[in-house]
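Please consider the fold described below. How are its helices and sheets put together?

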Amino acid sequence: MADKKQRVTQIKVRMYRQGFGDCFLLQFFAKTERVFTMLIDCGIKLNTSRDECPIERVMDDLRRELAPQGKKGGPPTLDVLVATHEHWDHIAYFHPETTTKSGGKGQDLFADFVIRQVWLSWTEDPENPRARQLNSRLRDGARALQMAAIKLQQSTTGVSGSSTALNEDPSRAARTAFGKGVAEVASFYGLEATAHSEPLAAAGSKSLKTQEALENVIQLGKKHGRVRYFQPETLVDAENVPPGIRVYVLGPPGIQPDDKLLKKSNPSAGDRKETYLNLDQAGFAGFVDGLLTLADGTSAGATPGASTPFGAGTGLPLGAANQNHYLRETYFGQREAYRKIDYTWLDAAGQFALQLDGAVNNTSLVLAIEFEDSEKVLLFPGDAQVGSWLSWHDLQWQVKSGSATRTKTATDLLNNTVLYKVSHHGSHNATLREKGLELMTHPDLVALIPEQEGKYRGIIHPELLERLEQRCRGRVIVSADSGHRPEVLRTTARPAELDAKGWKQFQDNLEITDTYVEYTVEG
Ligand SMILES: [Zn+2]
């Protein structure tokens, strides 16, 4: 750690351009000397890559930047590694057996890094029973979702071997697209889900790939340093952050001592219901159980066994129904295909996928990094969605300035945000409006969006992008979208709302290469 007098004067934020996923290197400088380093996430959407910036390039750059200063040789060293949440596009490259497009097989890309601290949200703490409970539900949900995606795709391709495949069904095209959409959400857990995939749930207790990556992050932290799990409303202790800097923990939301959020069987009213998915909500519990039972092979039909409306013995298995002459003529008849309901229960998968995705995004560790003197803030929310944003406004922090103690709120931090890492790659539901973006009123506001064009439907959300452009007065930087290449900022005329000095300062603080975009925030 640097000398106490070396107060941080600037932070260089390097957004890597590996594709659809987050990877941010923060370097804290006291004048010209670097005093602290932090890496926030390193991931990519499953089965995607970006030819212009393969991960090897990112790793080479990280090794170069993180080589110990003033010494020859020595391992790359990081003061803090943050893994925001358990989604592949944030933690893929921490997997202990990473295979890369250029042929790297089964390596731990960070094995030789010296990491002094790992910071995770309380929801990842294996010692916390509530976290364990929440995580096992979310992971069961992911396995069930993969199963639903596989079944949905089988239902349109006939792979299941059942004559009930909807090959003749006029709704087939829509269902195919729907199945792919559900598979896409499953991919954020590192799960493949095609009609031919083997469901993970069938392999007993086998871990999710995201889980393995996260467990490796914990191991990397334990090797040379320590792992810390943060609750909201924490102000990170001064001895673990560089002089002149405060770090506030805004999310993920906590759980009440009585486990109110986990036990509640119905979602609360309003937007807050999006905070954590209530997997024990009756409908979804049946859905998840049913899918997992299917994967066990204990139920032969397409209807989930655990949530059938009638008792055992009252139904006819699909195979037997198929042999029944009357049913063959009627229910299974060509003309009646549009009335079939064999797979209708899978329609719930869409809503389930969105809720599960939101619930995991809301476990994101949300950090606000503040310069003590100027009170300027850099906001890194991971993929936090509405429920998390709302919860920040219930928090307050006591900070010392000189001999006085002041109370800070989320509104104060948002008012002073000068760098906003846009949550969830710019989706429609991860940047709150009135209690979020509209509170970011600082004239220096710049936004960074890590995403790759066409890799996820609806991202970037055009209306959000438009509002960001207005609020940031043209200073919105996108990592890897060919429609919004950062290079274009070099030739863009100065936005009318920004004075010449402000535009020049922005340009001066911006560095663009094929591998990264770096923006320097002056303290
Ligand atoms: Zn993400």
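This is a predicted model: local features need pLDDT of at least 70, side-chain atom pairs count only at pLDDT 80 or more; totals for chains, interfaces and linings use all residues.

Residues are numbered from 1 along each chain as its sequence is written. The protein chain holds 15 helices and 16 strands; these are DSSP runs numbered from the N terminus, helices (H or I) having at least four residues and strands (E) at least two.

**Chain overall**

- Of the 523 residues in the protein chain, 44% are buried (a residue is buried if 20 or more other C-beta atoms, placed from the backbone, lie within 10 Å of its own).
- Of the contacts in the protein chain between residues at least 6 apart in sequence, 72% link residues at least 24 apart (two residues are in contact if their C-beta atoms, placed from the backbone, lie within 7 Å).

**The eight-stranded sheet**

- Eight strands form an open sheet with mixed pairing, in the order E6-E5-E4-E3-E2-E1-E16-E15 (two strands pair if DSSP finds at least two bridges between them).
- The edges are taken by strand E6 (226-230) and strand E15 (510-512); each has a single partner strand, so one side of each lacks a neighbour in the sheet.
- On average, neighbouring strands of this sheet are turned by 20° against each other, direction ignored (axes are lines fitted to C-alpha atoms, for helices over the stretch in contact, and angles run from 0 to 180 degrees between N-to-C directions).
- Helix H5 packs on this sheet and touches strand E4 (77-82), strand E5 (114-121) and E6, with its direction at about 135° to that of E5.
- E15 and strand E16 (residues 516-522) run antiparallel and are joined by three bridges.
- Glu-511 faces Glu-518 of E16 across this pairing.

**The six-stranded sheet**

- A sheet of six strands, also open and with mixed pairing, has the order E7-E8-E9-E12-E13-E14.
- Strand E7 (245-251) and strand E14 (476-480) are its edges, and since each has a single partner strand, one side of each is without a neighbour in the sheet.
- From one strand to the next, the twist averages 15°.
- Within it, strand E12 (residues 417-421) and strand E13 (residues 446-452) pair in the parallel sense over three bridges, and Tyr-420 stands opposite Ala-447 in E13.

- Strand E10 (residues 396-401) pairs with strand E11 (residues 404-409) in the antiparallel sense over six bridges.
- Trp-397 has Lys-408 in E11 as its bridge partner.
- Two residues lie between the strands of this hairpin, where Gly-402 takes a positive phi near 65°.

- The axes of H3 and H4 come within 8 Å and cross at roughly 155°.
- H3 and H4 are therefore roughly antiparallel (angles over 145 degrees count as roughly antiparallel, under 35 as roughly parallel, 65 to 115 as roughly perpendicular and the rest as oblique).
- The crossing of H3 and H4 is left-handed (the near helix is turned anticlockwise from the far one by less than a right angle).
- The residues of the H3-H4 contact divide into 10 nonpolar, six polar and two charged (Ala, Val, Leu, Ile, Met, Phe, Trp, Tyr, Cys and Pro count as nonpolar, Asp, Glu, Lys and Arg as charged, and the others, Gly among them, as polar).
- Helix H3 (residues 129-157) and helix H10 (residues 348-361) have axes that come within 10 Å and cross at roughly 150°, in a left-handed sense.
- In this contact, Leu-138, Gly-141, Ala-142, Leu-145, Ala-148 and Leu-152 of H3 meet Ala-349, Phe-352, Ala-353, Leu-356, Ala-359 and Val-360 of H10; the residues comprise 11 nonpolar, one polar and no charged.
- The axes of H4 and H10 come within 10 Å and cross at roughly 20°, and these two helices are therefore roughly parallel.
- Phe-178, Gly-181, Val-182 and Val-185 of H4 make this contact with Ala-349, Gly-350, Ala-353 and Asp-357 of H10; five of the residues are nonpolar, two polar and one charged.

**Pro-199**

- Pro-199 is located in the loop between helix H4 (172-187) and helix H5 (209-224).
- Pro-199 counts as buried because 22 other C-beta atoms lie within 10 Å.
- Its C-alpha atom is 8.8 Å from that of Ala-144, a residue 55 positions away along the chain.

Definitions and conventions. A residue is buried if 20 or more other C-beta atoms lie within 10 Å of its own, exposed if 12 or fewer, and partly exposed in between; C-beta atoms are placed from the backbone.
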